[in-house]
Amino acid sequence: QQLLFPLPVHLDPDEVTMWRSFAADLAILGVDAEEFGGRTVLLRGVPPSWERDPAGLFREVLQDLSEGRRRGQERVERVAASFACRSAVRSGQLLSLEEMNALVDQLFATSRPHGDPHGRPTFLQIALADLDRRFGRSG
């Protein structure tokens, strides 16, 4: 999604290093950006899910990529995990019934539906007896 007005993003030295290392990978995923002198990158386009804060999400991706390098993740894994997290539905975000159903369908179409890229669970199984007990209906 092209931005109406290009957005200059000022980066710290580590972020510049990550940007230069991953610019081609991010371009494939919809990040249209170019160096704009010094430590500034000009964002021209971003994935549609980034519309709420393109500059902030761009910087978060660069930070994720740097942290992934320190954890020894593979390059492709770092890019995919960071992009997935930054494009995810946020807690409290309102969705229509159709959007919720589509998310569940997409989740179970993946090879690993049980966790997010950081290993946190995407769903929990709660026994009916546990629900009954929590609502004071044991018996």
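Buried means under 20% relative accessible area, exposed means over 50%, and partly exposed lies in between (1.4 Å probe, protein chains only). The legends below describe a predicted model, in which local features need pLDDT of at least 70, side-chain atom pairs count only at pLDDT 80 or more, and totals for chains, interfaces and linings use all residues. Residues are numbered from 1 along each chain as its sequence is written, and side-chain values use heavy atoms, with hydrogens and water left out.

Glu-15 is buried, at a relative accessible area of 3%. Glu-15 belongs to helix 1. Helices (H or I, at least four residues) and strands (E, at least two) are DSSP runs, numbered from the N terminus. Leaving out residues up to four places away in sequence, Glu-15 touches His-10, Arg-59, Leu-62 and Gln-63. Contact means heavy atoms within 4.5 Å.

**View B. The salt bridge between Arg-59 and Glu-15.**
A salt bridge is a side-chain nitrogen of Lys or Arg within 4 Å of a carboxyl oxygen of Asp or Glu. The structure holds 4 of these salt bridges. In the one formed by Arg-59 with Glu-15, the closest N and O atoms are 2.6 Å apart. Arg-59 sits in helix 2 and Glu-15 in helix 1, so the pair ties together parts 44 residues apart in sequence. Arg-59 is partly exposed, at 28% relative accessibility.

Two strands pair if DSSP finds at least two bridges between them.

Strand 2 and strand 3 (residues 40-45) pair in the antiparallel sense over 4 bridges. Ala-33 has Leu-43 of strand 3 as its bridge partner.

Glu-34 forms a salt bridge with Arg-44, with the closest N and O atoms 3.0 Å apart. The pair links distant parts of the chain: Glu-34 is in strand 2 and Arg-44 in strand 3, 10 residues apart. Glu-34 is partly exposed, at 35% relative accessible area. Arg-44 is also partly exposed, at 29%.

**View F. Trp-19 against Phe-58.**
Rings of Phe, Tyr and Trp (its six-membered ring) pair if their centres lie within 6.5 Å; planes under 30 degrees apart count as stacked, over 60 as edge-to-face and the rest as tilted. A search of the whole structure finds 2 aromatic pairs. Trp-19 and Phe-58 form an edge-to-face pair, 5.6 Å centre to centre with 65° between the planes. Trp-19 is in helix 1 and Phe-58 in helix 2 (residues 54-71), 39 residues apart. Both residues of this pair, Trp-19 and Phe-58, are buried.

**View G. The largest nonpolar core.**
A nonpolar core is a set of buried Ala, Val, Leu, Ile, Met, Phe, Trp, Tyr and Cys residues joined through side-chain atoms within 4.5 Å. The largest has 20 residues, of which Leu-11, Trp-19, Leu-26, Trp-50, Phe-58 and Leu-62 touch the most other members. Helix 1, strand 3, helix 2 and helix 3 (75-86) each give two or more residues to this core. Leaving aside neighbours within four places in sequence, the contacts of Trp-19 include Leu-11, Ala-33, Glu-34, Val-41 and Phe-58.

**View H. Phe-108 and Phe-123.**
Phe-108 and Phe-123 form a tilted aromatic pair, 5.5 Å centre to centre with 45° between the planes. Phe-108 is partly exposed, at 48% relative accessible area. Phe-123 is partly exposed, at 33%.

Arg-133 forms a salt bridge with Asp-130, and their closest N and O atoms are 2.7 Å apart. Both lie in helix 5, 3 residues apart, about one turn of the helix. Asp-130 is partly exposed, at 27% relative accessibility.
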